[in-house]
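Welcome! Have a look at it first, and then we can walk through it together.

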Amino acid sequence: MTNHDLQNLIELAFSTAERAYTPYSNYKVGATLRTPDGTVFSGCNVENAAYPACICAERTALVKAVSEGHQQFDVIVVATRNGGSPCGMCRQMLYEFSPTMRVVCVDEQRNIVIDSTLDKLLPHGFNSLG
Ligand code: THU
């Protein structure tokens with residue numbers, strides 16, 4: 001993936017974050033997920049008055065992708081005001097499909113705060129093979 005591709009994923013993640021529904025936390029998150037063939041899915045967090053029903057941006061992007069027939073991913077970009085990283089539940093959901101995917105977390109100044117891989121963020125993660 002070129003730097004230009006990465007910049008496009010970053011800007012798409014931020015524009016998607018603008019659509020986040022966050023009346024409770026006011027913490028907007030956008031995520032872009034790219035497959036090896038270059039197909040991109042984006043997602044934002046969607047909150048609910050019943051707090052546990054909230055869904056994170058990363059899982060929004062993931063379920064959109066899987067629903068459209070994509071199960072392999074080479075990178076996820078997460079855009080927030082402070083470069084926050086995926087929560088544990090999102091790490092686990094992503095790990096199911098592509099445990100070695102690159103994870104890039106970016107803050108609102110476009111600083112790359114984390115550039116790592118999922119298996120580093122979730123060491124010894126559980127998968128269906130045990
Ligand atoms: N959130 C995400 O969208 N992704 C994460 O990985 C961490 C948390 C959302 C959930 C909630 O809407 C808000 O951020 C505050 O936790």
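Which residues are around the ligand? They are Ser25, Tyr27, Val29, Asn45, Glu47, Cys56, Ala57, Glu58, Ser85, Pro86 and Cys87, each with a heavy atom within 4 Å of the ligand. Please keep in mind that this is a predicted model, where local features need pLDDT of at least 70, side-chain atom pairs count only at pLDDT 80 or more, and totals for chains, interfaces and linings use all residues. Residues are numbered from 1 along each chain as its sequence is written, and side-chain values use heavy atoms, with hydrogens and water left out.

**Around the ligand**

- The shell is made up of six nonpolar, three polar and two charged residues, with Tyr, Cys, Ala, Val and Pro among the nonpolar types and Glu among the charged ones.

**Polar contacts (N or O atoms within 3.5 Å)**

- The side chain of asparagine 45 has an N or O atom 2.9 Å from an oxygen atom of the ligand.
- Glutamate 58 places a polar side-chain atom 2.8 Å from a nitrogen atom of the ligand.
- At cysteine 87, a backbone N or O atom is 2.8 Å from an oxygen atom of the ligand.
- The protein buries 77% of the 370 Å² that the ligand exposes when taken alone (Shrake-Rupley method, 1.4 Å probe).

**Aromatic rings**

- There are two aromatic pairs, counted when ring centres lie within 6.5 Å.
- The rings of tyrosine 24 and tyrosine 51 have centres 5.5 Å apart and planes at 50 degrees, so this pair is tilted (planes under 30 degrees apart count as stacked, over 60 as edge-to-face and the rest as tilted).

Definitions and conventions. A polar contact is a pair of N or O atoms within 3.5 Å; within protein, one must be able to donate a hydrogen and the other to accept it, and residues adjacent in sequence count only if both atoms are side-chain atoms. Rings of Phe, Tyr and Trp (its six-membered ring) pair if their centres lie within 6.5 Å; planes under 30 degrees apart count as stacked, over 60 as edge-to-face and the rest as tilted.
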